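Okay, everyone, thanks for coming.

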Amino acid sequence: MIKSFVLPILVGTLVSIQSGYSQDVYQENFSPAEGHGQYAPDAVIPEGKSTKWAQAINNPNNGITAFVRQDDTNQIFGQGPDNLYGAFSDTIADATVPVERTSGVRMMAGKLSLDFYDPGQGSSSNWVFRLCVGGASNSRTVFGFILLNKGDGTGFLCPAEGPHVNPPRDLPMLGSYPTNARNALVLVFNNRSDSTVLNYDGGTVAAGRMDIWLNGQLIADDAGAANSLQGSPITNLNFTLKSGGHGTIYLDNITLTEL
Ligand SMILES: [Ca+2]
Ligand SMILES: [Ca+2]
């Protein structure tokens, strides 16, 4: 939560931004205190401008449901029996309605970190996580990734490529993850318009690029953007299922930090 000065450092012809600057602009851990008193086991996650989620959750017409869960038997996020997390399901294969966060998000460079648990249900789950300029859409997506789960116990993370933010056709997966297990995801992005290199705790990211860490391993190093909207601030965090996908994902400890 500490905001400090940005120190541009000349390195040859490149300009480097040190990551001493950081500010959390969004945190969601589904604790009752953060949910306006509405986060309780089996409660519907509220949506609206004054909440943590802007729109499109709990929309039965589009197959989207979002509930607060508490699994005191398995403690799936390893935070004790009282921990609450978000359970998001999409039961209609053609629904593409995003769950999104908008207000308060505006950053040229930053870090998205979250824990996810893929319960491995269904056979074609493909959740896409998108960081967008403007609204939540494929064409406004700059950085993102997709979780593919074929139902055999192993999930794959692949880049969200091109203007349609689709998984790559020949499937050059960036990494794999176990379903029915807690996974830690960190995405660091730099959408500055010049040649500024972002230095953060763990690496560097060139302008227009992103790093992705999965369970402590760097699986994407300076990977490209889906759409080139370089120089515009990221204003929207959202996730959705691509058309034809359906399934459930559990999320916790979501943090969006400006760097
Ligand atoms: Ca939690
Ligand atoms: Ca890098």
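So, the protein has zero helices and 18 strands; helices (H or I, at least four residues) and strands (E, at least two) are DSSP runs, numbered from the N terminus. Keep in mind that this is a predicted model, where local features need pLDDT of at least 70, side-chain atom pairs count only at pLDDT 80 or more, and totals for chains, interfaces and linings use all residues. Residues are numbered from 1 along each chain as its sequence is written, and chains are lettered from A and ligands numbered from 1 in the order in which they are written.

How much is buried? Of the 259 residues, 42% count as buried. Buried means 20 or more other C-beta atoms within 10 Å of a residue's own, exposed means 12 or fewer, partly exposed is in between, and C-beta atoms are placed from the backbone.

Now the inside. The largest nonpolar core has 65 residues, and Val142 and Leu187 touch the most other members. Strand S9, residues 141-149, gives the most to this core, with six residues. By nonpolar core I mean buried Ala, Val, Leu, Ile, Met, Phe, Trp, Tyr and Cys residues joined through C-beta atoms within 7 Å. Leaving aside neighbours within four places in sequence, Leu187 is in contact (C-beta atoms, placed from the backbone, within 7 Å) with Leu112, Phe143, Phe145, Met210 and Ile212.

Last one: glycine 110, in strand S7, residues 109-117. Why does glycine 110 count as buried? Because glycine 110 has 29 C-beta neighbours inside 10 Å. Phenylalanine 189 is 79 residues from glycine 110 in sequence, but 5.5 Å away in space, C-alpha to C-alpha.

Key: Two residues are in contact if their C-beta atoms, placed from the backbone, lie within 7 Å.
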